[in-house]
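Welcome! Please take a look at the structure shown here, and then read on for a short tour of its features.

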Amino acid sequence: NYSSMIKKAVLKIESDLLGDLSLKSFSESSKVSPEYFSAAFKRETGSTLTQFVKAKRIETAKHLLRNSDLQIQTVAQHCGIYDFHYFCRIFKQITGITPSEYRNSRSFR
C-alpha cells in the first residue's frame, strides 16, 4: 500500500533499470523536495532509494544469470550497472557470493 508518488517510483524502477533512477529525477517528477521524497520512500518501502534500486538490479541480474548465457559484464549492463567491478562488489554484498559463483551454483537449477 504505497502512496501514488512512491508507487510510480517503484513501478519505474521495476520497469526501467536503465533509466534515470536518481533521487533528483524522482523528486522533480513528483514536484517535491529530494529530502521529502527520500523520507517518504524510506518510510513506505523500508529501504532507501539507493538500497531499493540496487536490490532490484541484483534481482534482475540473478534472473539473467539463471536463465541466459550472457557474459556477466553484459548482465551488469542489462541491469544498469556499467562498471563491472562495482557490479561484482554490489552483487556479492547483497547475495554473499560472486556472480560467477551464483551462476555455477546448483541451488537454483
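Helices here are DSSP runs of H or I with at least four residues, and strands are runs of E with at least two, numbered from the N terminus.

A word on the model: it is a predicted one, in which local features need pLDDT of at least 70 and side-chain atom pairs count only at pLDDT 80 or more, while totals for chains, interfaces and linings use all residues. Residues are numbered from 1 along each chain as its sequence is written, and side-chain values use heavy atoms, leaving out hydrogens and water.

## Aromatic pairs

How many aromatic pairs does a search of the whole structure find? The search finds five. Rings of Phe, Tyr and Trp (its six-membered ring) pair if their centres lie within 6.5 Å; planes under 30 degrees apart count as stacked, over 60 as edge-to-face and the rest as tilted.

One of these pairs is Phe41 with Phe52: the ring centres are 5.3 Å apart and the planes stand at 85°, so the pair is edge-to-face. Phe41 belongs to helix H3 and Phe52 to helix H4 (residues 49–67), so this pair ties together parts that are 11 residues apart in sequence. Phe41 is buried, with a relative accessible area of 0%, and Phe52 also counts as buried, at 12%. For Phe87 and Phe91, the centres are 5.9 Å apart and the planes are at 50°, so that pair is tilted. Ring pairs also link Phe26, Phe37, Phe41 and Phe52 into a cluster.

## Where H2 meets H3

The axes of helix H2 (residues 23–30) and helix H3 (residues 34–45) come within 9 Å and cross at roughly 100°. That makes H2 roughly perpendicular to H3. Axes are lines fitted to C-alpha atoms, for helices over the stretch in contact, with angles from 0 to 180 degrees between N-to-C directions; under 35 degrees counts as roughly parallel, over 145 as roughly antiparallel, 65 to 115 as roughly perpendicular and the rest as oblique.

On the H2 side, Leu23, Phe26, Ser27 and Ser30 meet Pro34, Phe37 and Ser38 of H3, with contact meaning heavy atoms within 4.5 Å.

Definitions and conventions
Buried means under 20% relative accessible area, exposed over 50%, partly exposed in between (1.4 Å probe, protein chains only).
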